[in-house]
Amino acid sequence: MTDVHPLGSLVRRWSKHANLSGDDVEAVFSLPFTRRTFGKDAYIVREGQITAECSVLLRGLAFRQKLLRDGSRQIISFHIPTEFVDLQNSLLSVADHNVQCLYRADCAIIPRQALTDLSGKRPAVRIAMWRDTLIDASIFREWVVNVGRRDSKARIAHLLCELILRLQKVGNGPEEIYDFPITQEQLADATGLTAVHTNRTLQSLRKDGLIQLTAKSLTVLDWEGLREAGDFDELYLHQQI
Amino acid sequence: MATDEHPLSGFLRDVTAQAPLGSDDRATILNLPFKLRRLDAGSYLVREGSLPEHCGVLVDGFAFRQKMTGEGARQIMAVCIPGDAVDLQNIFLDISDHAVQMLTKGTIADVPRAALQEIVLNRSTIGRAIIQLTLIESSIMREWVVNIGRRDARERIAHILCEFAVRLEVRGLNPSQGFELPMTQEQLADATGLTPVHVNRVLKGLEADGLIERRRRHIHFTAWRALQDVGDFTRTYLHIPGEDQLEVAFQARP
């Protein structure tokens, strides 16, 4: 059943977080949801809106962002398939940031009340859900470090390492990502740099023989070198659990 | 802290603000086993990479979350205030992904991780309240990414001062219009991705513009609204108990 149910991949991932019983799995599969496809750049969640639902990304990529009063944007994290893009909103009533699609995305949208009921009744599911949000938080902390204390080259290299490791989990890689969908402007917004600075930094990583970048793909030529350039240690992704 | 107060009462207030706890739930929290420790400024409560066995509740004093980069630069990622549990995330993450250090001297109540795991699992209202606390921390973390990533130095410092003031006020720890900032300029720099020299210049600028007054570490807000404006500060991301619900009611008007 986990192969055909749209939430099957979510259940498989959650099974690594917590000991889900057969009844727990059944309860997740009984969650009401609707499928919705979003176009490139479409908003899944808007800052300030009352939260009525949470979305699991089934296909595509999404990112969290906030817009500033001067019109600039800060990207706060990226999301890959099988992840909730806004699980915190199952308990927080007002969205504190936006979630946007990087390109066409397919979501399963679950009513908030159904999720809180489920986590209230099923401790193992509660733990699995909570772990998801705790890992999100760990990634946010690492991003504070990345924008706060790493130079531009290390920031970009760090972000690329994170994206590659996470994308590998959904079938990309190992070290080559075809269809690398993130623009230089988005990389800039995720690292607190300008687009020009980001471009220069990518060129420099290329000249150092660490990556190869075309309009369509990103290839890592020297994974260890890229990790070192990015001061990257994947402990914060908590993937060992 | 009043000396006759239960060491976990600040934490209990914080949890209760998140969800209506019954008397059973309240007793469960106050009956958590704990060990008190007096700590000096700079002491480590949690080390990055360690396997946590306790979760520390800050009884008095201030603490901060930090990571060191490979080059030895430090980034502060959050300031913990009295009543905060400093490593709730470690209840269900097995390896600590950052360090927590005392900012001032203070008292910590170490609660066994297993005891917290048990109440989060077995008491759904407490579980929900504690999870909400971590979700709010997480929201603050997102705001810090924005603060450092896209605001200039003056905005960053003004923002962090506003955030600190509001958090203290919500906790009932900010009696007047100002507060004792427990951070050195170097620590402020580490929290905002700036250099101490830059922080010093910005603080002087805020003072010259009549936005704050400083006497040693004491910061007095002389123009609170203007300071919030300078810092591009809106408090919604703090999800202050009651305020989200107010927004829900507001948006539901016919």
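Residues are numbered from 1 along each chain as its sequence is written, and chains are lettered from A and ligands numbered from 1 in the order in which they are written. Because the model is predicted, local features need pLDDT of at least 70 and side-chain atom pairs count only at pLDDT 80 or more, whereas totals for chains, interfaces and linings use all residues.

Q: What percentage of the residues of chain B count as buried?
A: A residue is buried if 20 or more other C-beta atoms lie within 10 Å of its own, exposed if 12 or fewer, and partly exposed in between, with C-beta atoms placed from the backbone. Of the 254 residues of chain B, the share that counts as buried is 46%.

Q: How far apart are the centres of domain 1 and domain 2 of chain B?
A: Chain B is divided into domain 1 (9-146) and domain 2 (152-251), with bounds that come from an automatic or database domain assignment. The contact takes 16 residues from domain 1 of chain B and 14 residues from domain 2 of chain B, two residues being in contact if their C-beta atoms, placed from the backbone, lie within 7 Å. Taken over C-alpha atoms, the centres of domain 1 and domain 2 of chain B are separated by 22 Å.

Q: How far apart do the C-alpha centres of the two domains of chain A lie?
A: For chain A the assignment gives domain 1 (8-136) and domain 2 (150-237). Their contact takes 10 residues from domain 1 of chain A and 11 residues from domain 2 of chain A. The C-alpha centres of these domains lie apart by 25 Å.

Q: Which element gives the largest share of the side of chain A that touches chain B?
A: In the contact between the chains, 40 residues of chain A meet 43 residues of chain B. Strand 5 and helix 4 (123-149) of chain A each supply at least two residues of the side of chain A that touches chain B. The largest share of that side, 18 residues, comes from helix 4 of chain A.

Q: Which residues touch the most other members of the largest nonpolar core?
A: A nonpolar core is a set of buried Ala, Val, Leu, Ile, Met, Phe, Trp, Tyr and Cys residues joined through C-beta atoms within 7 Å. The largest one has 141 residues, and its largest share, 15 residues, comes from helix 4 of chain A. A:V144 touches several residues of chain B, including B:M141, B:W144 and B:I148. The residues that touch the most other members of this core are A:V144, B:A63 and B:V145.

Q: Why is B:A85 buried?
A: B:A85 has its place in the loop between strand 5 and strand 6 (99-102) of chain B. Not counting residues up to four places away in sequence, B:A85 touches B:F11, B:C55, B:G56 and B:V57. B:A85 is buried because the number of other C-beta atoms within 10 Å is 26.

Q: Which residue of strand 6 of chain A is the bridge partner of A:Q65?
A: Strand 4 (residues 62-67) of chain A has 5 of its 6 residues buried. Strand 4 runs antiparallel to strand 5 (residues 73-79) of chain A, joined by 6 bridges, where two strands pair if DSSP finds at least two bridges between them. Strand 4 of chain A also pairs in the antiparallel sense with strand 6 (residues 98-101) of chain A over 4 bridges. In strand 6 of chain A, the bridge partner of A:Q65 is A:N98.

Q: Which residue just after helix 6 of chain A takes a positive phi?
A: In helix 6 (residues 184-191) of chain A, the buried residues include A:L187 and A:A188. The buried residues of helix 6 pack against strand 5, helix 4, helix 5 (152-168) and helix 7 (195-207) of chain A. Just after helix 6 of chain A, a positive phi of about 70° is taken by A:G192.
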